[in-house]
Amino acid sequence: MNLITSVRKKINRDLSSVNGIFDYIPLSSISEVLKKYNIHVVQEDGTPWSGFISAPIDTQVNMRFDLAMLTGEPLDNTSLQLYVYKFATTKRYEIVTYVS
């Protein structure tokens, strides 16, 4: 299944509220936005994603996650991009995320 451009734009508009500086990596907030559109993050085998994310200090970490509809149908033309940077001075995270 392909995600249509108008829906992708709406998701990215909603994900913009998750972009910023945080004391933690806001995975639950990202998941909530995706679930609003009946989408979730999945592992390579299509099962729901589970795990943790860590970012070394003063290093940008770039991640790409597969997405699927909550019904299990994979989204072939879409992925979640997540960029995380952890500041050395404050130990806070800069988060940039969007659906490509």
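D66 and R64 are joined by a salt bridge, with 2.8 Å between the closest N and O atoms. The term denotes a side-chain nitrogen of Lys or Arg within 4 Å of a carboxyl oxygen of Asp or Glu. D66 is partly exposed, its relative accessible area being 25%. In this classification, buried means under 20% relative accessible area, exposed over 50%, and partly exposed in between (1.4 Å probe, protein chains only).

The model is predicted: local features need pLDDT of at least 70, side-chain atom pairs count only at pLDDT 80 or more, and totals for chains, interfaces and linings use all residues. Residues are numbered from 1 along each chain as its sequence is written, and side-chain values use heavy atoms, with hydrogens and water left out.

| Salt bridge | N to O separation |
|---|---|
| D66 and R64 | 2.8 Å |
| D23 and R92 | 2.8 Å |
| K36 and D14 | 2.9 Å |

The side chains of D23 and R92 form one of these bridges. This pair connects distant parts of the chain, 69 residues apart: D23 lies in the loop between β1 (20-22) and α2, and R92 in the loop between β4 (74-86) and β5 (93-99). Helices (H or I, at least four residues) and strands (E, at least two) are DSSP runs, numbered from the N terminus. D23 is exposed at 55% relative accessibility, while R92, at 31%, is partly exposed.

The bridge between K36 and D14 also links distant parts of the chain, with K36 in helix α2 (residues 27-36) and D14 in helix α1 (residues 5-15), 22 residues apart. K36 is exposed, with a relative accessible area of 56%, whereas D14 is buried at 17%. Leaving aside residues up to four places away in sequence, D14 touches V33, K36 and Y37; contact here means heavy atoms within 4.5 Å.

The axes of α1 and α2 come within 10 Å and cross at roughly 150°. Helix α1 is therefore roughly antiparallel to α2, a label given to angles over 145 degrees. Axes are lines fitted to C-alpha atoms, for helices over the stretch in contact, with angles from 0 to 180 degrees between N-to-C directions. On the α1 side, I11, D14 and L15 meet I30, V33, L34 and K36 of α2. By class, this contact has five nonpolar, no polar and two charged residues. Ala, Val, Leu, Ile, Met, Phe, Trp, Tyr, Cys and Pro count as nonpolar, Asp, Glu, Lys and Arg as charged, and the others, Gly among them, as polar.

Note on methods: Parallel < 35°, antiparallel > 145°, perpendicular 65-115°, else oblique.
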